[in-house]
Structures are given as C-alpha cells and as structure tokens.
Amino acid sequence: MTKLKSPFQKITNDRNFIIDCYLEMLSRINELKIIALIKNEPKSLANQDNDDIPSEKVIQSLSIYFQLMTLVEENAATQYRRKTENQLNIDSTRGSWAEAFKIWKEQGITEEDMLKTIAATHVIPVLTAHPTEAKRVTVIEIHRELYLLLVQRENTALSKIELFENKEKIISLLERWWRTGEIYLEKPDITDERSNVIHYLSKVFPAVLEKSDQQLKSSWIEMGLNPNKIKNPDVFPKINFGSWVGGDRDGHPLVTPNITQETLILHRQTALFLLKNQLLTLASRLSISAINNPIPFVLTEAIEKKAQILGQAGQNSIKRNPYEPWRQYVSLILVQLKNTVSDKTADSQSYYKSSVALEEDLKFLREVLVDNGLKGLADDLLFPIERAVKCFGFHLAKLDIRQNSTFHDKAISQILKTNGEKDFDFENWKEEKRVAFLNKTLESHSLITDVTVSYGPEADNVLDCYRVVRQHVSQYGADGIGSFIVSMTRSLSDLLVVYLLMRETQLLNAKIRVVPLLETIEDLDNGPEILESFLQNTITKQRAAFLDYKQEVMLGYSDSNKDGGTIASKWNLYKAEKALSAVGRKNGTAIFFFHGTGGTISRGGGKYHRFLESMPTNTVNGTIKLTVQGETMAQLFGNPLTATYNLNALASGVAKQTILSKEKTDDAAFPLEIMEFLSQKSCEHYKNLIETPGFIEFYGKVTCIDVLEKSKIGSRPARRTGTRTLNDLRAIPWVFSWNLSRITITGWYGLGEALKTLKEERPEDFKTFKNNVENWTFLKFLMIQTETNLILSNKEMMNWYAELDENEAERKLFMDKILTDYHNGFSIIEELFDEPATKRRSGQYDNLEWRNEKLKVLHQLHLKYLTQWRNLTDENSIEKNKILTKLLSIVNSISSGLKNTG
C-alpha cells in the first residue's frame with residue numbers, strides 16, 4: 001500500500017503495520033475485493049454494484065479500519081508520554097501527577113499540604129447510556145486484547161520469532177473481530193446498556209484504579225518526595241463511580257421502578273462479588289507462617305473473637321490454615337462477607353452492615369502487619385483491596401435518579417386531584433403559590449399520599465420509584481444512591497417538590513442530595529437566584545449537616561449549546577460556575593459541580609487536564625463529578641493505559657485547582673467584558689440562523705435526524721415528547737446529526753461573525769483579546785476546541801449533504817450563512833494564534849489524512865441509502881427496515897472514523 005509521508009514516523013510505521021495485518025487477514029479469508037478497498041483509497045464506491053462489493057462489507061471493513069487507526073493512535077500517545085518521561089522528565093507529561101508535584105514544589109507547597117490536598121480530592125465519573133457509537137461488550141474485549149498485543153510489540157527485547165508469533169495473534173484476533181460483527185442489530189434495551197456499564201465498573205475500572213494509584217506513588221517518589229508518606233490509602237484521592245443507567249427516567253418511559261430496583265441489586269451483587277474475589281486473592285498470597293514469624297497477641301485475640309461470632313463456619317475456616325494466622329483472619333473476613341452476600345442478617349455481628357466495617361477490618365490488618373515489620377506486604381498485597389473497598393464499597397456505583405420537573409408537576413397535580421382538592425392544577429400555579437403550598441405542606445406532619453391509593457401515571461411512577469429507593473436504603477443504607485436530579489430546574493418550587501416526594505416516602509433523613517440541573521442559557525442565568533433561595537430553605541438548612549454542608553449543582557452542556565450556540569454556552573457556564581460558587585460561600589456551603597459533558601467539544605468534551613485548567617478559580621472545591629457518556633467510554637477508558645492517564649488527569653487537575661484557589665488569582669485581569677461582547681454577538685448570530693424561516697425544514701433534509709430518531713444505538717427516544725420541534729429534540733441527536741453531515745455548526749457557528757465584528761468595531765479590544773489568548777486558560781481552551789470542530793468540518797462533504805435539500809433558494813440561503821461563518825472562524829482564529837492551524841494542529845490533520853478518503857466512501861453510501869430510505873413511503877415495509885439497518889451501520893462506521901460525533 002502507498003505509504004503516507006508524515007512527520008510522525010513512529011505512528012506512521014504503526015499504522016502501516018496494523019494495516020498490513022488487516023490486509024493479511026482479509027487475504028487469508030479470501031476477501032480480495034475488500035483488500036482493494038483498504039489499499040487503494042477509492043474516492044467513489046457509492047455507486048458500485050453490490051455484486052462487486054456488498055455495501056455491508058464496505059461498511060464493516062471501513063469501520064474496523066477506523067477503529068484500528070484509533071487503537072494505534074492511543075498506543076502511540078501512551079508511548080509518546082513514556083518517551084518524553086524517559087528522555088526529558090517524568091513531570092513533562094501534561095495532566096500527570098508528576099507535573100502537579102513539580103508545580104507545587106516550585107511554589108513552595110509543603111509535603112503535608114500536598115497530601116492534605118490529594119486526600120481531599122474527590123473524582124466521580126458517572127457512566128451514562130447516551131451512545132452515538134454502540135459497541136458490543138464482545139468487541140470491546142477484542143479491542144482490549146488487540147491493544148495489549150500492540151503494547152507487547154513495544155518491547156525491544158522481543159526476538160524475531162516472538163514478533164512473528166505476536167503478529168499471528170493479531171491476525172487471528174482480527175479475523176475473530178471480522179466474524180463477530182460490530183453493533184446491535186436490534187435496538188438495545190436498558191438491560192443491554194446496563195450490562196455494558198457494569199462491564200466497565202467490574203472489569204475495567206478496578207484494574208485502572210490500581211494502576212492509577214501506582215502511578216501516583218511512583219510519581220511522588222520519583223519527584224524526590226518522602227516515600228514513607230505515600231503508603232497509607234487514606235491519603236489517596238477519593239475515586240467513586242456513578243451511573244445513570246436504570247436511574248435516569250427523564251423522557252425515558254422504559255426506566256420503570258422495577259428496572260431501578262433490579263439495577264440497585266445488581267450493582268450490590270457485582271460489588272460484593274468483586275470484593276470477594278479480591279479477598280480470595282489476598283488470602284492465597286498472605287502466606288505468612290507462624291513458625292517463622294511471631295504472632296501478635298492482638299491478631300490472635302481478633303481471630304478468636306471473630307471465629308466465635310461466626311460460629312461453625314468461622315471455626316471451619318480457621319482449621320484450614322492452623323499455622324497461618326494472617327490468612328486465618330482474611331478467611332474469617334471472607335466468611336463474614338459471604339454472610340453479607342447471602343443476606344444472612346439475623347445476627348448483626350455476623351455480616352457487614354456496610355463497607356465501612358470491612359474497611360475497619362482491613363485497616364486493623366494493615367496496622368498489625370506494619371507494627372510487626374511487614375510493611376512491604378501491607379503495601380503490596382493489602383493496599384489494592386483497601387482502595388477497592390473505598391472506591392466501590394458494597395454498591396459498585398451510585399445510581400442517580402433523574403426526572404424532569406414537568407413530570408413532577410404532573411404528579412403533584414394528580415395527587416391533589418385524587419385527594420379531592422378543587423384547585424388541583426399545580427402545574428399552572430404561579431411560583432409564589434407553589435412555594436407557599438409546598439412549604440406549608442412540608443411543615444405539616446400529615447402525609448398527603450397513601451401507599452394503597454393510585455393517583456395517576458406520573459404520580460404512581462415517581463412514588464413507586466422513591467419507594468424502591470426507600471426500601472433499598474432501609475435494607476442496605478444510602479451508599480448506592482446518588483442524587484435526585486431535577487432536569488429543567490426553572491424555580492425553587494421544582495426542588496421543593498422533590499422534598500415533598502421524599503417526605504411522603506420517608507427519605508428526607510437519607511443522605512441523598514436534591515440537585516438542580518441548569519440546562520438552557522436562561523436557566524444558567526437564573527441559577528444563582530434559585531440556589532440562594534434553596535440554600536435558605538428551612539429543610540435544606542436542617543439537612544445541611546448530614547450532607548457535610550456540600551451542595552451539588554448539575555450543569556448541562558448540551559441544551560445550552562442547542563439554545564445559544566457553543567460560544568455563548570461555554571461563557572454562560574463559566575459565569576454560572578463563578579456566581580453559583582459565590583452563593584455557596586455566602587451560605588456556608590461548598591458547591592461542587594456535576595458537569596453533564598458529552599464526547600464532542602460541542603457538549604463539553606475535550607482533554608481532561610485542559611478542561612479543569614479552564615475552570616474559574618474557586619469553583620472546583622476539591623470535587624468533580626462528570627458524565628462519561630456511552631460513546632466516550634471506550635475512547636477514554638477502553639484500554640488500561642489510556643484509562644489510567646485520564647483518571648490521573650482528572651484527579652491531579654482537581655488537586656491543582658484546589659491549590660490554585662488558595663492563591664486568590666484575580667479573574668479581573670482577563671478581558672471579561674470583551675468575552676461578554678463576543679458571547680452576545682455569537683449568540684445573536686446563532687439565533688438568527690436557527691430562527692430563520694425554513695431552518696427546521698433545511699435541518700431535517702441535510703442531516704439524518706430522521707434516521708437517528710429510529711436508531712438502534714440507544715434505548716432512549718430522540719425526542720422528549722415526540723413533537724417535531726427544535727425545543728423537544730434532545731441535544732445529543734441534535735449535535736450528532738450535524739456532525740454526521742460534517743456540517744459541525746454546533747461546535748463553532750457564531751464565533752466567526754462575533755470575532756469579525758469585534759475586529760471591525762472594536763480593534764483595540766481585538767488586540768487585547770488576542771494578547772490574552774495564550775495566558776487565559778479558559779480562552780485558549782475555548783479557541784482550540786472551536787478550531788478542532790472547524791477542522792472536523794469538511795466543505796466538500798457539507799455541500800454533498802446540502803444537495804439533499806432540493807429547494808435551491810433555501811439551500812443557498814443557509815449554506816451561505818454557514819460557509820461564511822466557517823471561513824471567518826478559521827481565518828480569525830489563525831490570526832489570534834499568529835500561525836495557521838495546519839502547522840499548530842499537525843497531529844489532528846495527520847489523523848484526518850488517514851481517514852478522510854475512506855470517510856468519503858461512507859458519506860457517499862450514507863447519502864445514497866438515505867435518499868432511497870426517504871423515497872419509500874410505506875413505513876412498515878421490509879425494504880425500508882432493511883435500508884434503515886444499513887443506514888445505522890453506516891452511522892456507526894462514520895462515528896468510528898470521526899471519533900467524536902455526539
């Protein structure tokens with residue numbers, strides 16, 4: 001095959017190697033025509049006869065090709081980080097703990113303050129099911145195996161025979177992948193999505209946590225800090241996971257109370273199984289003989305006490321290892337854990353009421369080992385399971401419960417109507433009346449619901465859900481429950497309604513936060529006032545102490561983008577974070593943010609260390625919670641080394657922000673007013689586009705939104721209520737559909753016009769703005785992100801999709817607007833950085849160079865079948881469904897090629 005010239009010689013060689021393996025596999029299974037497709041980079045296969053190369057094989061072969069490119073690029077990034085650490089310094093890797101330690105040492109931060117900051121750091125990735133690139137767990141496992149084989153080739157000591165064997169394994173694995181198939185042929189249901197999330201939580205993240213901790217330890221020691229201070233698990237950052245799958249019911253009628261109940265139990269069973277296996281491993285390795293080592297009296301005493309409590313099962317377990325008291329102790333812990341698993345709860349001391357009790361037993365074992373000179377064994381064998389218990393507990397991940405405020409309003413109206421109230425239309429009451437009613441009802445000790453009464457579909461659903469949570473909390477505690485999140489929070493009453501529902505189901509005393517989700521630009525603007533009134537509420541004050549005087553606020557990146565465009569969205573999020581944090585400080589409450597980010601830059605995606613560096617100072621408060629959405633799970637955490645890097649980037653980024661907040665950096669030094677002007681102009685230009693008559697029709701023709709609405713890549717509907725309006729459309733398919741047409745306006749539209757206006761009307765401010773682009777992290781991140789989306793756009797392909805709109809005047813009107821802003825954005829961002837994107841962003845251009853011609857093949861197929869599908873009028877015809885399946889396969893393949901689409 002033709003070798004591409006590239007300044008990135010290592011990655012070019014790796015790409016060529018994996019392509020050679022792929023071609024060899026195809027040759028062995030006699031797929032010779034596919035070889036020609038991969039080799040020759042044809043520019044138009046869309047019109048070839050299916051008898052020549054069936055479109056299914058074109059789609060599958062290119063999808064695998066794109067994923068191979070991504071795997072090679074991930075490995076290359078990891079190897080590059082390793083190389084820079086070896087040739088330069090360990091602290092040269094951006095987003096690493098070593099980088100943080102170097103900065104802190106230069107600032108004169110003491111080791112004690114560093115450790116306090118690390119220990120106070122809390123990272124909460126929340127896995128959600130918003131897939132725009134659906135992969136079966138089987139394919140994810142193949143990816144992992146393949147990645148490990150690629151990493152193995154980096155070992156320069158391998159012999160020629162070993163390298164040959166490695167290549168043969170890769171070829172065999174590629175054949176298995178080819179014959180496995182890529183995606184769900186039926187729309188995945190919630191159980192499929194839940195299985196995928198649990199796979200990551202139980203199979204991927206435990207190993208990543210261990211590697212992450214090891215890197216933190218090694219970085220600390222390598223940077224010349226005291227090695228004895230970094231041994232205790234208590235000084236490591238808190239890493240916990242959350243999930244929305246089975247708890248997020250906003251516009252998702254298939255998430256029933258029964259699904260939530262099943263999910264909570266499944267989480268618990270998986271966590272206990274995970275810890276049981278780790279304890280079994282610990283017991284097998286903790287082979288310290290009492291013959292050669294003195295037995296501490298406290299250990300003997302603890303064994304006797306635990307064995308007596310556990311009865312015959314306890315006695316049997318210690319008989320198996322008569323001269324190994326350390327192993328006996330772990331065996332007794334295992335018996336107690338098995339009682340926990342099987343719910344043998346008659347005797348409260350024979351099982352673990354919570355993971356905290358298991359933590360205490362392991363801490364005791366650590367102290368015994370350390371006090372008796374076995375510190376090395378404690379660090380090597382005990383540390384990983386101590387961290388696993390702290391991270392996963394008995395719940396695996398906290399399940400957030402999310403519902404829309406409108407749904408709650410309907411529930412209250414139904415309750416009032418059933419109770420015989422004449423004025424029951426709660427949904428349409430004014431805010432003052434709603435708040436007065438809720439406060440009065442909450443002050444009363446009388447419940448307004450009865451478990452034996454049915455109130456209506458919304459009311460029964462939400463009450464049943466809360467009762468499921470109540471039952472779980474009563475039996476197992478609240479550790480497995482995340483937050484009660486209110487989508488589209490518009491007022492104080494939207495939050496107080498949740499208090500009322502919690503009161504009705506005896507949940508007000510449970511450690512569960514009520515969380516506003518601020519989604520649109522208007523909501524972000526009103527957020528501080530809503531939060532102020534919520535924190536001042538009597539019940540909020542009563543609950544504050546057992547919630548540690550911390551309040552979570554969720555920020556929506558997707559709807560604010562759809563609402564006002566990417567620049568206005570990012571700037572209003574920035575302002576909201578500052579204002580909301582100030583409200584918290586005024587009320588003696590630490591605000592931490594739950595960032596509802598997606599894979600694309602349009603929806604808050606991007607490198608974690610840059611994302612955290614761009615935050616306003618004094619807004620992180622030691623904690624970050626953020627969504628890891630379906631399509632980004634595999635990209636960010638699919639292989640161990642990339643996953644470790646990303647987890648460390650999150651934790652070290654939060655810790656750096658904590659230290660930075662103590663320096664009292666003044667944001668006033670940055671051009672805030674100019675940024676406000678840019679945001680306003682950008683938003684005006686964006687709204688002018690989407691409010692132009694005919695825009696919805698144009699959008700419906702030039703994107704595949706109609707295909708996505710019938711998508712099999714996720715269980716959630718594309719629209720909240722089913723009405724065909726821009727407001728009702730979910731932000732995820734909105735972004736996804738534009739990106740698939742390579743008209744990526746959700747990532748840049750409005751900036752070009754805003755920058756042009758700033759330059760022409762306020763030239764001195766433009767100079768000031770330009771002078772700050774390198775030293776204001778928020779601004780630099782914003783410009784780089786926007787430019788990334790401009791690069792992903794493709795003018796040639798934009799025009800292909802525009803041709804789907806047969807109304808020439810309409811097409812010209814909108815494409816002129818879009819292309820003008822596209823060109824303005826590109827040219828003026830280049831002016832800001834004094835260098836063209838092709839030089840500064842050579843890595844991104846190199847990645848696209850290996851993809852674009854093959855993407856063109858898929859885009860042409862996409863256009864061909866989209867036209868055929870739309871021309872078939874019988875919605876239920878077999879032919880139309882066959883073409884839909886093909887279209888969804890193409891969508892997945894294009895997603896693989898573009899990497900970030902939704």
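## The second largest pocket

In this predicted model, the lining of the second largest pocket draws its largest share, 4 residues, from helix H14, which spans residues 375-392. The pocket has a volume of about 1,000 Å³, and 42 residues line it, with His122, Lys238, Asn240, Lys398 and Lys511 lying nearest its centre.

## Helices H9 and H17

Helix H9 (residues 257-285) and helix H17 (residues 457-476) have axes that come within 8 Å of each other and cross at roughly 25°. Angles under 35 degrees count as roughly parallel, and H9 and H17 are therefore roughly parallel to each other. Their crossing is right-handed.

On the H9 side the contact is made by Pro257, Thr260, Gln261, Leu264, Ile265 and Arg268, while H17 contributes Asn461, Asp464, Cys465, Val468, Gln471, His472 and Tyr476. The residues of this contact divide into 6 nonpolar, 5 polar and 2 charged.

## Helices H37 and H38

Helix H37 (residues 852-871) packs with helix H38 (residues 878-898) at an angle of about 155°, their axes lying 9 Å apart. That angle makes H37 roughly antiparallel to H38, and the crossing of H37 and H38 is left-handed.

Among the H37 residues that meet H38 are Leu855, Leu858, His859, Tyr865 and Trp869, and their counterparts in H38 include Lys880, Ile883, Leu887, Ile890 and Gly897. Taken together, the residues of the contact of H37 with H38 divide into 13 nonpolar, 5 polar and 2 charged.

Methods:
Residues are numbered from 1 along each chain as its sequence is written. This is a predicted model: local features need pLDDT of at least 70, side-chain atom pairs count only at pLDDT 80 or more; totals for chains, interfaces and linings use all residues. Side-chain values use heavy atoms; hydrogens and water are left out. Axes are lines fitted to C-alpha atoms, for helices over the stretch in contact, and angles run from 0 to 180 degrees between N-to-C directions. Helices (H or I, at least four residues) and strands (E, at least two) are DSSP runs, numbered from the N terminus. Angles under 35 degrees count as roughly parallel, over 145 as roughly antiparallel, 65 to 115 as roughly perpendicular and the rest as oblique. A crossing is left-handed if the near helix is turned anticlockwise from the far one by less than a right angle, and right-handed if clockwise. Contact means heavy atoms within 4.5 Å. Ala, Val, Leu, Ile, Met, Phe, Trp, Tyr, Cys and Pro count as nonpolar, Asp, Glu, Lys and Arg as charged, and the others, Gly among them, as polar. On a 1 Å grid over the protein atoms alone, a cavity is a set of points where a 1.4 Å probe fits but cannot get out, and a pocket is an open set with protein on both sides within 12 Å along at least five of seven lines; lining residues have an atom within 4 Å of a point. Grid points are joined across faces, edges and corners, and a volume is the space filled by probe spheres set on the points.
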